[in-house]
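Please walk through this model with the sequence and coordinates in view.

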Amino acid sequence: MNNQSLDQAADSLRPAVLWVGTCIDAELALARMWAGELADVYETPTPDAAVASPPETLGRRSPAAVVLASPTPASWSLVDCITLARRWPLAPLVSVAGSLVEGRRRSGPALPGIEEVAWNELPGRMAWWMHDRARGRPGSLGLPATSRREERLLEAAGRVAEFATRPGRRVSVAASRADDVESLADVLTAAGRPPLRRTCGRPTLDEPADILVWDVSELSAADLTWLAMLTANRPDLAVVLLDSFPRGDSTLAVLRAGARAVISRPMSLETLAGMLLRLETSLPA
């Protein structure tokens with residue numbers, strides 16, 4: 001097989017993601033699992049190892065993204081990022097941050113030019129990145145590192161508005177406070193999924209929608225019990241739970257109770273739209 005045939009074969013494969021670092025806790029292990037649902041993930045322990053001995057199965061492919069697993073602040077240095085960027089100059093670098101990075105993440109990324117994503121947001125954000133990539137668009141990862149946050153938000157909003165024109169599944173919202181119900185309804189409407197039902201309080205067990213976005217604010221044992229009853233009564237319902245401070249153990253409990261995803265608050269429009277895209281493509285017709 002000649003080089004051209006090899007390149008054509010590589011183009012027909014799923015997107016490739018290079019995962020740098022180890023999954024030493026439940027949060028990064030979940031993020032790694034979710035990434036594997038959307039792309040072929042190739043693991044390497046360090047940037048130096050990635051460059052010196054790249055995974056054989058990666059071959060000549062340039063990753064759609066290089067993910068730095070960051071369980072703690074200062075897990076990686078600027079030198080590490082430069083090492084990876086020199087080896088794969090066209091692959092955007094992304095840091096996936098565990099809960100211990102949360103406080104610093106809210107104050108802004110420590111590594112200049114590196115997109116940082118909370119571990120629980122990765123499936124939604126990655127679904128959107130791969131959606132853009134499949135259509136030949138650079139998306140938010142393709143914006144210059146020097147672009148202002150406002151420009152990135154406007155760019156994402158423009159693409160979500162285009163997504164809103166696609167036919168979608170029925171979506172309902174529930175939240176403990178009326179203001180949160182209306183806010184969620186506005187975000188879903190902006191994403192082209194005006195809610196079928198709005199509930200203040202816990203959702204009803206006969207929820208008619210295909211997808212439910214439920215803002216629990218602070219997850220409690222009573223919420224988990226209700227979630228388990230809801231998903232037992234409606235096994236085809238895809239529940240997205242919004243939690244103020246999701247952690248690995250609480251997220252595992254939520255997934256075992258039947259939810260499909262957990263998103264932290266505050267939530268970006270791109271994160272929610274990407275999560276809806278991921279769920280809509282996985283639900284049975």
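Predicted model: local features only at pLDDT ≥ 70, side-chain atom pairs only at ≥ 80, totals over all residues.

Residues are numbered from 1 along each chain as its sequence is written, and side-chain values use heavy atoms, without hydrogens and water.

Helices (H or I, at least four residues) and strands (E, at least two) are DSSP runs, numbered from the N terminus. Strands pair if DSSP finds at least two bridges between them. The open sheet has 5 strands in the order 7-6-8-9-10, with parallel pairing. Strand 7 (198-200) and strand 10 (261-264) each have a single partner strand, so one side of each lacks a neighbour in the sheet. Strand 8 (residues 211-217) and strand 9 (residues 238-243) share 6 bridges. Ser-217 has Asp-243 in strand 9 as its bridge partner.

Helix 9 (residues 221-233) lies across strand 8 and strand 9. Which residues of helix 9 are buried? They are Asp-223, Leu-227, Leu-230 and Thr-231; buried means under 20% relative accessible area, exposed over 50%, partly exposed in between (1.4 Å probe, protein chains only). Ala-221 and Ala-232, on the other side of helix 9, are exposed. Strand 8, strand 9 and helix 10 (248-256) are among the elements that cover the buried residues, where contact means heavy atoms within 4.5 Å.

Helix 2 also has buried residues, including Leu-28, Trp-34 and Leu-38.

How values were computed:
Axes fitted to C-alpha atoms, helices over the stretch in contact; angles between N-to-C directions.
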